[in-house]
Amino acid sequence: VPGVLPGDTAEVDVPDQVQNRSAKARLIRVKEYSPDRVEPVCPYWQECGGCELIGLSYDAQLRIKMRHVRDALERIGGFKDGEDYVLRDILHSGKDGKMPLRYRNKAEFAISGSKVGYYKRGSHELLEIEDCLLVPRAAMDAVKTMQAELKPAQKYFRQITVRINHDDDMMLITSNSDGTITSDRRVLQDKIKTSAGILKTEVSPQSFYQVNTAQAERLYAEAK
């Protein structure tokens with residue numbers, strides 16, 4: 001139900017036809033708000049297609065993520081908690097119970113003419129934004145600099161991807177209307193600090209790289 005968060009009590013309009021054991025309902029009104037609701041730090045959260053849980057406290061977000069993992073293991077996988085697996089608390093980098101911000105080392109922005117932003121939730125309509133609180137400021141500044149060079153009538157550039165490392169070095173990648181991609185560098189060098197030392201990496205334009213570097217470091221530490 002768009003507009004409703006877990007824990008809310010709401011009056012909704014449910015469609016007659018329900019397919020695949022799920023349905024998308026229309027919100028009529030929220031009768032009682034979840035006690036886990038907080039004032040969202042992002043002004044775009046109601047329209048943007050990302051960060052759907054940003055209107056909840058960070059602890060509540062983590063509980064929901066834990067529930068998703070448990071549901072996948074038990075309902076889909078058929079495993080039993082305590083017998084087949086043990087689900088430990090999420091290792092997170094939040095400070096004082098607050099949601100971490102500016103942590104992503106990669107972000108993808110849609111382009112329409114000279115507008116840059118994200119798609120609105122459930123659509124391909126562009127929502128132009130001035131800032132994304134998950135993206136480092138240096139990376140956002142680079143995106144805005146490129147946006148200033150776009151013409152309102154241009155149709156060639158369709159998407160811009162920015163990747164940033166520990167030292168704020170950046171790689172800018174454009175996806176183009178002819179199916180090609182263009183990058184301003186071949187690789188972006190970065191380092192992951194682990195308990196065993198420094199792991200040096202080279203990130204190419206289309207390679208996978210954990211978007212949360214701090215959490216990647218925790219994952220490696222746990223594995224070791």
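Author: On a 1 Å grid over the protein atoms alone, a pocket is an open set of points with protein on both sides within 12 Å along at least five of seven lines, and a lining residue has an atom within 4 Å of a point. The model is predicted, so local features need pLDDT of at least 70 and side-chain atom pairs pLDDT 80 or more, while totals for chains, interfaces and linings use all residues. Residues are numbered from 1 along each chain as its sequence is written, and side-chain values use heavy atoms, without hydrogens and water.

Reader: Which residues lie nearest the centre of the second largest pocket?

Author: They are Gly3, Val4, Leu5, Glu52 and Arg121, out of 26 lining residues. This lining has 13 nonpolar, seven polar and six charged residues (Ala, Val, Leu, Ile, Met, Phe, Trp, Tyr, Cys and Pro count as nonpolar, Asp, Glu, Lys and Arg as charged, and the others, Gly among them, as polar).

Reader: How is empty space found in general?

Author: A probe the size of a water molecule is rolled over the atoms, which shows where space is left empty. A volume is the space filled by probe spheres set on the points, with grid points joined across faces, edges and corners. The largest pocket holds about 780 Å³. Its lining counts 38 residues, with Gly50, Cys51, Tyr103, Arg104 and Leu134 closest to the centre. By class, 24 of the lining residues are nonpolar, nine polar and five charged. For the second largest pocket, the volume is about 670 Å³.

Definitions and conventions: On a 1 Å grid over the protein atoms alone, a cavity is a set of points where a 1.4 Å probe fits but cannot get out, and a pocket is an open set with protein on both sides within 12 Å along at least five of seven lines; lining residues have an atom within 4 Å of a point.
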